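Please read the following report on aromatic contacts alongside the sequence and the coordinates.

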Amino acid sequence: MNALILVGSPKGRKSASWMLGSGIGEGLRDRGVTVQYGMVHHELRSGEGTGKLLDLFDSSDLVVLAFPLYVDSLPAPLTRLLELVAERKDRTAAAGNPRLGVVVQCGFPEAHQCDTAIGICRRFAGFTGMRWAGALAMGMGGSLEGDFGRLPGGGKKILDALNKTAEALARGGDIPDEAKAVFARPLMPRWLYTLTGNLGWRLKMRKNKAQSPIGYRPYGQG
Amino acid sequence: MKALVLDGCREGDYLAMEAVLEMTTALAGRVDDVEVVKLRELVISACAGCFGCWTRTPGECVVQDDAATVLRSYLGSDVVAYITPVTFGGYSSLLKMMLDRCIPLLDPRFTIVGGEVHHLLRYRRYPKTIVLGTLPSPDAEAERLFASLVARNGFNFHRTFEAEVLVGVPDPPSARQCAERLLDRIGVSA
């Protein structure tokens with residue numbers, strides 16, 4: 001089986017999407033699946049990179065989209081890639097019955113804010129003749145900065161859910177409901193996430209030596 | 001009163017281009033000034049996800065390209081219309097590229113809107129927003145997702161965005177009716 005993990009974050013290998021996507025990818029590799037990775041933002045900057053991603057997409061039995069929620073949907077470059085894949089499928093029928101899975105995280109506490117983006121991916125799968133394998137959606141993605149160890153309990157439950165997902169996908173199944181439930185569970189109380197988040201913005205401003213206040217209005221209106 | 005049309009269609013997409021034309025005509029009958037921005041002709045790079053617009057130069061993206069000009073125009077408008085082919089239930093990548101760059105319009109701090117966490121508003125006033133999507137043939141699932149996406153985008157700005165989907169081959173009267181209905185729904189009259 002050939003699997004392609006497409007990372008939709010502009011931060012590439014420094015992103016939470018990479019952590020989650022490679023968590024599934026490495027679990028697949030441990031089970032004998034050939035895994036390739038594609039950094040969508042980077043590859044779409046050139047015709048050569050775009051062609052490479054499209055060829056990888058076409059030759060994969062399983063594609064996993066790992067991305068951050070951007071304005072309730074997929075980041076624009078990932079949307080562009082899906083448009084290009086769909087245009088290509090118009091010309092060449094999908095070989096076999098490739099599957100599509102998703103792992104998405106958002107910066108808001110509620111995982112359900114990812115539902116529309118997941119629906120878009122599912123509709124894309126239907127449109128291009130892929131089989132839908134399900135989605136993992138996580139809120140509080142801001143907690144995932146670079147290290148599972150920063151999560152409550154050392155992130156063991158999330159790692160276990162990723163492993164169970166890889167196990168199911170490797171044997172041709174769908175993403176298990178149990179893993180979806182673990183992902184959807186808040187990592188901490190909502191009030192704590194928003195409190196630390198609001199504090200975090202100010203700390204980052206200080207670190208970045210921002211010259212204007214947090215609520216500055218550069219385009220007028222006082 | 002000023003209106004801004006964000007044209008998110010590609011050259012050759014005659015249905016969406018018809019929607020742009022009819023929306024522009026409908027707006028011209030109701031407001032003083034209509035600006036049409038063809039996103040396909042601008043240089044707008046993808047959001048880098050750096051949050052520089054919140055934590056380095058609050059309210060302004062650190063990347064200087066055409067997006068900044070569009071944002072100024074957006075805030076200076078009373079009505080904004082997005083026009084896009086419905087793409088698997090979402091926006092075209094052209095429109096999405098611009099919308100991803102709109103986050104400097106919001107304040108990073110969290111607040112509760114409709115029982116969910118969203119961001120605070122940075123500005124006192126935002127334009128009324130309408131969205132006209134196009135589909136070459138009926139697709140109930142894509143239409144449902146599109147309505148959901150537009151509604152969720154409205155939550156981000158603590159208000160209601162109105163949407164319509166124009167289905168079928170290019171047909172000026174139908175496109176015009178969709179545009180007029182949207183303007184009626186946000187209370188923009190001649």
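Predicted model: local features only at pLDDT ≥ 70, side-chain atom pairs only at ≥ 80, totals over all residues.

Because B:Tyr91 belongs to the loop between strand S3 (79-85) and helix H4 (93-100) of chain B, whereas B:Phe146 sits in helix H5 (residues 140-156) of chain B, the pair ties together parts that are 55 residues apart in sequence. Both partners are enclosed: B:Tyr91 is buried, with a relative accessible area of 2%, and B:Phe146 is buried as well, at 0%.

A further pair joins B:Tyr126 and B:Phe157, whose ring centres are 5.2 Å apart and whose planes stand at 70°, so that this pair is edge-to-face. Here B:Tyr126 comes from the loop between strand S5 (116-121) and strand S6 (128-135) of chain B, and B:Phe157 from the loop between H5 and strand S7 (162-167) of chain B, so the contact ties together parts 31 residues apart in sequence. B:Tyr126 counts as buried at 5% relative accessibility, and B:Phe157 counts as buried at 8%.

| Pair | Centre to centre | Angle between planes |
|---|---|---|
| B:Tyr126 and B:Phe157 | 5.2 Å | 70° |

Finally, B:Tyr91, B:Phe146, B:Tyr126 and B:Phe157 are among the members of one aromatic cluster, which also includes B:Tyr74, B:Tyr82, B:Tyr123 and B:Phe161.

Note on methods. Residues numbered from 1 in each chain as written. Chains lettered and ligands numbered in written order. Heavy atoms only, no water. Helix = DSSP H or I, 4+ residues; strand = E, 2+ residues; numbered from the N terminus. Buried < 20%, exposed > 50% of the residue type's maximum accessible area, 1.4 Å probe, protein only. Phe/Tyr/Trp six-rings, centres within 6.5 Å; stacked < 30°, edge-to-face > 60°.
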